[in-house]
Amino acid sequence: MKDISIIGSGFSSLAAASYLAKAGNKVTIFEKNATIGGRARQLKREGFTFDIGPTWYWMPDIFERFFADFNKKPEDYYQLTKLNPAYSVYFGKNDFITIEDTFEKICIAFENEEPGSSVKLQKFMDEALDNYNIAIKDLVYRPGVSPLELVTPVTMKKIGQFFSTISKEVRKEFKNPRLISILEFPVLFLGAKPSNTPAFYSFMNYADFGLGTFHPKNGMYSVVTGMKTLAESLGVDMKTNQNVERILVNGKKASAVVVNGETIATDVVLSGADYHHTETLLDKTYRQYSEAYWQKKVFAPSALLFYVGFSKKLNNVEHHTLFFDVDFQEHTNVIYDTPKWPEEPLFYASFPSKTDNSAAPEGKEAGIFLIPLAPGLDDIPELREEYFEKIMTRFEKLTQQEVKKYVIFKESFCINDFVSAYNSYKGNAYGLANTLMQTAFLRPKLKSKKVNNLFFTGQLTVPGPGVPPALISGKLVAGLIQKNKKL
Ligand SMILES: Cc1cc2nc3c(=O)[nH]c(=O)nc-3n(C[C@H](O)[C@H](O)[C@H](O)COP(=O)(O)OP(=O)(O)OC[C@H]3O[C@@H](n4cnc5c(N)ncnc54)[C@H](O)[C@@H]3O)c2cc1C
């Protein structure tokens, strides 16, 4: 039995904690914030409830696989509903495409937009399903230790797809710009622009159109509380308001963590906090990656978020609504190529109270608005206000209703908050992008090369950004810790 100290309580830490406790270790989680869940914390105000971070529950099979490892099911902890419609996408005033809950209905929506497109969509989705079976059922469960993990007879047949991009593949088949942006949207969850994301990642399109969009009652935070219940039932000790200030190393071994000024001895340290930050907790000689290394990496976007309470129900919006009425390319360019605040931002809005009455008091609506931004931009209160005004004006015009005067309150969260709340590098929202050069063994390693008993997990490691990958990351790192006989 080892004494294992885990830094942070995001999904990857919670997953790893359960696996490590089940294997018989004494596991303690140290979380700097007052509540657990990391980027998936919850905000409650005036009877409204908001997920602060993730809102899309995709890839239900991964959650099932996680709980099954403990002979449990998601429904033992939270109630899941498949959303219909899954989401809608606005392209102009009262002009939107709705994506429903079955592939057949989605084909009809495509046909309405471009006759003949459903045949192309079927072909695209066959490939996407094939990639899903290869990637999500197998490859992502490999720990990124060696390049050989990716070399299998099936991946060899797909090699071309690693060197083509989602953008190219989608454009080969589809000419309609609206359908193109709908098909490019799912890979945005992987953190890079579609023209820099390998075509092999079309498995995200299968997750979208093939598996669908789900909603856990009371929001994504109920997954956090479910995982907490599971971890605690296995004996994990969860401590909040515990800031890990240093990792002490003796020889090539981490001997203790310093938490709120107190030195706590440990056998193993596992960090689910942002990788760059974790390395700053070590003396320089024990850090693996230089500042120049991090500077060169492609980070997933940061975001400007608003959590808004409305005093009335809103019309013409779904639980998930995307606003793609402005140039997609221009916005992605200012995120990745020439970082600056976008002139006319794309934005996403979620109204959980459309399908879940626990999200807002009766007759009222909870709204979450998200504008993706380049990490590291200047974040000042005046800009937040300016952008709120900008998107509300567009929102009113596009959905043809007054909303500004019904705002009871709004809270914002942006780059500076990502840094202060999570010690996030440049305020990134969801880690390191999954580009070709930042995939699998090319990502920051789960195990430190310099400190024998120091491990990492989470969205900056393998497999990458998102809640399902975080669960997998926790499992992978727990496996490496268990297998390591030298600890
Ligand atoms: C706005 C937003 C929207 C998103 N939308 C989606 C979505 O819809 N669907 C989806 O699947 N994914 C989404 N994601 C991504 C997903 O939320 C993340 O990939 C995932 O939650 C990351 O989990 P993690 O375990 O890597 O780490 P984190 O959640 O970042 O947890 C790290 C924890 O470490 C703690 N910590 C940091 N430093 C210290 C320290 N020194 N001492 C103690 N504790 C420390 C932090 O406080 C934090 O709690 C979204 C993310 C954001 C931010």
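Gly 235 is partly exposed because 14 other C-beta atoms lie within 10 Å, where a residue counts as buried if 20 or more other C-beta atoms lie within 10 Å of its own, as exposed if 12 or fewer, and as partly exposed in between, with C-beta atoms placed from the backbone. Gly 235 sits in the loop between α10 (221-233) and β9; helices (H or I, at least four residues) and strands (E, at least two) are DSSP runs numbered from the N terminus. From Gly 235 to Asn 333 the separation is 98 residues in sequence and 47 Å in space, C-alpha to C-alpha. The model is predicted, and local features need pLDDT of at least 70, side-chain atom pairs count only at pLDDT 80 or more, and totals for chains, interfaces and linings use all residues. Residues are numbered from 1 along each chain as its sequence is written.

The strand β9 belongs to an open sheet of 5 strands, in the order β9-β2-β1-β13-β19, with parallel pairing; two strands pair if DSSP finds at least two bridges between them. At the edges of this sheet lie β9 (237-239) and β19 (454-456), each of which pairs on one side only. From one strand to the next the twist averages 20 degrees, axes being lines fitted to C-alpha atoms, for helices over the stretch in contact, and angles running from 0 to 180 degrees between N-to-C directions. Within the sheet, strand β1 (residues 3-7) and strand β2 (residues 26-30) run parallel and are joined by 5 bridges, and Ser 5 has Thr 28 in β2 as its bridge partner. Helix α1 packs on the sheet and touches β1, β2 and β13 (268-271), with a direction that makes about 165 degrees with that of β2.

A further open sheet contains 7 strands in the order β7-β6-β15-β16-β17-β14-β18, and its pairing is mixed. Its edge strands are β7 (95-99) and β18 (407-413), each pairing on one side only, and neighbouring strands are turned against each other by 20 degrees on average, direction ignored. Strands of a sheet pair through backbone hydrogen bonds, either parallel or antiparallel. Strand β15 (residues 320-323) pairs with strand β16 (residues 347-350) in the antiparallel sense over 4 bridges, and Thr 321 stands opposite Ala 349 in β16. Strand β14 pairs with strand β17 (residues 365-373) in the antiparallel sense over 9 bridges, while 6 bridges join β14 to β18, again in an antiparallel arrangement. Val 308 stands opposite Gly 367 in β17 and also opposite Lys 410 in β18. Strand β14 is mostly covered, 9 of its 9 residues being buried. Ser 302, Leu 304, Phe 306, Val 308 and Phe 310 point one way from β14, whereas Ala 303, Leu 305, Tyr 307 and Gly 309 point the other way.

The ligand is surrounded by 37 residues, the closest being Gly 8, Gly 10, Gly 38, Pro 54 and Gly 458; a residue is near a molecule or strand if its C-beta atom, placed from the backbone, lies within 6 Å of it. At least two residues of this shell are supplied by each of α1 (11-22), β14 (302-310) and α16 (467-483), and α1 gives the most, with 3 residues. By class the shell comprises 17 nonpolar, 17 polar and 3 charged residues, where Ala, Val, Leu, Ile, Met, Phe, Trp, Tyr, Cys and Pro count as nonpolar, Asp, Glu, Lys and Arg as charged, and the others, Gly among them, as polar.

The domain assignment, which is automatic or from a database, gives domain 1 (3-39 + 50-79 + 218-296 + 434-483) and domain 2 (127-211). Their C-alpha centres lie 26 Å apart, and 21 residues of domain 1 are in contact with 21 residues of domain 2, contact requiring C-beta atoms, placed from the backbone, within 7 Å. To the side of domain 1 that touches domain 2, α16 gives the most, with 5 residues, and the residues of that side divide into 14 nonpolar, 5 polar and 2 charged.

Several loops carry backbone features of note. Another cis peptide bond, with omega of about -5 degrees, joins Val 462 and Pro 463, and Pro 463 is placed in the loop between β19 and α16.

How values were computed. Two residues are in contact if their C-beta atoms, placed from the backbone, lie within 7 Å.
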